[in-house]
Amino acid sequence: MSSTEGSMSGTGEHEDDEELRWLDEQEKAAWTGLISLVLLLPGKLESPLRQDHGLTLFEYLVLSHLSEAPGRKLRMGELAFLASGSLSRLSNVVKRCEQRGWVVRTPDPADGRYTLAELTDAGVDIVRLAAPTHLRAVRAVVLDSLGATDQKALTRIAEKLRIVPDDFG
C-alpha cells in the first residue's frame, strides 16, 4: 500500500507509538522488484537442473559449495548458511545425497558436537556434469542482461541485505 492510499484499520493494526510509514512509489517498485526476484528467480535457475540432471537448485548449491570447500567438507551449519537453507532442510537434502553416494556425514574431529558433510568422488562427478547447465542458466537469466555497473550494484545491494546468523563463524 502506498502513502496515498491512507492507513489501514481493523485487525492486525499495531498500537505502536511510531506512526506506520507506508511505501512511497519508489520504495514499492524496489520492494516489488526484490520480492519478484526472490520468488521467481530460483525456479528459473532450477528448471534446467531438474530437466537435465534431476537436481533441485538447493541440491546443486549444497554439492557445489562442498566441491569448493577445503577438503570438500564443511560443517552442516556453515553449509546450510552458504546454500541459503535451514539446517533441517539441509539435513533432508544431505540424506538424499548420501543415498545417491554423493555425500557422507561424519562427526567433526575438531569438535564432536558438529557434523561434517563431505563430497564423495561421485558427488564431484555430478557437480562437474551439472555445473555447465547451471552456469548457462545463470548467464541467460541474470548476468547477460546486466552490464558491469548493474552487476556491481547488485553485489553491493546483496552485501547490504545479507542476513548472517549470530552464531555463524
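**Notebook: rings, helices and a patch**

A charge counts as over a ring if NZ of Lys or CZ of Arg is within 6 Å of the ring centre and within 35 degrees of the ring normal. I also found Arg75 over the face of Tyr114, at 3.8 Å from the ring centre.

I note that this is a predicted model, where local features need pLDDT of at least 70 and side-chain atom pairs count only at pLDDT 80 or more, while totals for chains, interfaces and linings use all residues. Residues are numbered from 1 along each chain as its sequence is written, and side-chain values use heavy atoms, with hydrogens and water left out.

**Helix α2**

I checked the span of helix α2, residues 57–68. Its twelve residues at 1.5 Å a residue should span 16 Å, and its end C-alpha atoms are 16 Å apart, which agrees. The expected span is 1.5 Å times one less than the number of residues. Helices (H or I, at least four residues) and strands (E, at least two) are DSSP runs, numbered from the N terminus.

I then listed the buried residues of α2: Leu57, Phe58, Glu59, Tyr60, Val62, Leu63, Ser64 and Leu66. Buried means under 20% relative accessible area, exposed over 50%, and partly exposed in between (1.4 Å probe, protein chains only).

**Nonpolar patch**

Which residues make the nonpolar surface patch of about 840 Å²? I found Leu23, Trp31, Leu34, Leu37, Val38, Leu39, Leu40, Ile157 and Leu161. Helix α1 gives the most, with six residues. Patches take residues with over 30% relative accessible area and no salt bridge; like charges are joined within 9 Å, and nonpolar side chains (Val, Leu, Ile, Met, Phe, Trp, Tyr) within 5 Å. A salt bridge is a side-chain nitrogen of Lys or Arg within 4 Å of a carboxyl oxygen of Asp or Glu. Areas come from the Shrake-Rupley method with a 1.4 Å probe.

I looked up Leu34 in helix α1. Leu34 is partly exposed because its relative accessible area is 33%.

**Positive phi**

Most residues other than glycine have a negative phi. I noted Arg72, not a glycine, with a positive phi of about 55°. Arg72 is in the loop between α2 and β1 (73–75), and is partly exposed at a relative accessible area of 27%.

Ser84 is not a glycine either, and has a positive phi of about 60°. Ser84 lies in the loop between α3 (76–82) and α4 (87–99). Ser84 counts as exposed, at 62% relative accessibility.
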